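Dear colleague,

I am passing on the structure below, and would be grateful if you could look it over with the notes that follow it.

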Amino acid sequence: MPAKILDGKALAATLRAAVKNSVAALAARGVQPGLAAVLVGDDPASRVYVRNKVRACEEAGILPAISPAKDVDGFHAVNLGALVQGRPGFVPGTPSGVMRLIDHAAVPVAGRKAVIVGRSTIVGKPLALLLLQKDATVTICHSKTADLASITRQADILVAAVGKAGMITAPMVKPGACVIDVGINRLPDGKLVGDVDFAAVKDVAGAITPVPGGVGPMTVAMLMANTVRAAELALG
Ligand SMILES: NC(=O)c1ccc[n+]([C@@H]2O[C@H](COP(=O)([O-])OP(=O)(O)OC[C@H]3O[C@@H](n4cnc5c(N)ncnc54)[C@H](OP(=O)(O)O)[C@@H]3O)[C@@H](O)[C@H]2O)c1
């Protein structure tokens, strides 16, 4: 049986409608939430830009200069530290969007094996912490991981966040697993694809996110939600 498609576009639209209501409520109190840099859509060039921006800021030590209270990307050391400690803070949009998708699809997490391929600061590591908070047993894989397929095959929840088109193939997936594809890759013919070989994996997985229309719209929706929350917190 083909996998259930986890429609991030539809869920993101619901979240954005809720955000819109919050913005209206804030406007009634005389506050207009603002965001210095807004990333909308699935354009890989924009993603690369943001990723490079984060890396450049990390290298330059610029990020700590940003107030953690306005760090709606959740990249500030204070917010990442809060995530490690399980305290409230701003969580990066992509991992929190992934958690919302998993939750919305009622995919069991507690006691299940979650494997994340990719260990970036904006996706892999924070997502591992969020899954851990929900009592998953988490493994993080990366470019030096030996025999990747033997590990991914154990995953009840498999997340690909690498940036390599089609690298997760059907034999790497446990039948019935929930497969979350964070990757965004542009093929030479201009087509956008994820890190997962969707056509083949959808016949093995129990649930799967498409690219585009899966994690990407959720990231944007969560960023909007964080922005409104920052404005609400600023109001007190
Ligand atoms: N959908 C969205 O909203 C969204 C948001 C953010 C990013 N993305 C996309 O997600 C992908 C990953 O982004 P990122 O910023 O997390 O990437 P990144 O910082 O480039 O990290 C990529 C990770 O993949 C690992 N890796 C590379 N080759 C591998 C291999 N052959 N086997 C196993 N692991 C391998 C790397 O390992 P090492 O650490 O050992 O180098 C690294 O940890 C990109 O396609 C990006 O465009 C999408």
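A contact, as the word is used here, means heavy atoms within 4.5 Å. On that basis, residues 24 or more positions apart account for 66% of those contacts in the protein that have a separation of 6 or more. Please bear in mind that this is a predicted model, in which local features need pLDDT of at least 70 and side-chain atom pairs count only at pLDDT 80 or more, while totals for chains, interfaces and linings use all residues. Residues are numbered from 1 along each chain as its sequence is written, and side-chain values use heavy atoms, with hydrogens and water left out.

The protein has eight helices and eight strands, where helices (H or I, at least four residues) and strands (E, at least two) are DSSP runs numbered from the N terminus. Of its 236 residues, 45% are buried, a term that stands for under 20% relative accessible area, with exposed meaning over 50% and partly exposed in between (1.4 Å probe, protein chains only).

Turning to the sheet, six strands form an open one in the order 1-8-5-4-2-3, with parallel pairing; two strands are said to pair if DSSP finds at least two bridges between them. Its edges are strand 1 (4–5) and strand 3 (137–141), each of which pairs on one side only. Helix 5 (residues 124–133) packs on this sheet, where it touches strand 2 (113–117), strand 3 and strand 4, and its direction makes about 170 degrees with that of strand 2; such angles run from 0 to 180 degrees between N-to-C directions, and axes are lines fitted to C-alpha atoms, for helices over the stretch in contact.

Strand 5 (residues 178–181) is covered on both faces, with C178 and I180 buried on one side and V179 and D181 buried on the other. Strand 4 (residues 157–160) pairs with strand 5 in the parallel sense over four bridges; I157 has C178 as its bridge partner, and A160 has D181. Strand 5 is also joined by two bridges to strand 8 (residues 207–208), and these two run parallel, with V179 standing opposite I208.

In helix 5 the buried residues are G124, P126, L127, A128, L130 and L131, and their cover includes helix 3 (77–85), helix 4 (93–104), strand 2, strand 3 and strand 4. Just after helix 5, D135 takes a positive phi of about 70 degrees.

The chain also brings helix 1 (residues 8–28) against helix 8 (residues 215–235), the two packing at an angle of about 20 degrees with their axes 8 Å apart. That makes helix 1 roughly parallel to helix 8, the cut-offs being under 35 degrees for roughly parallel, over 145 for roughly antiparallel, 65 to 115 for roughly perpendicular and oblique for the rest. Among the residues that meet are L11, L15 and V19 in helix 1 and M218, A221 and V228 in helix 8. A10 also lies in helix 1 and is partly exposed, with a relative accessible area of 40%; its C-alpha atom is separated by 8.3 Å from that of G213, although A10 and G213 are 203 residues apart along the chain.
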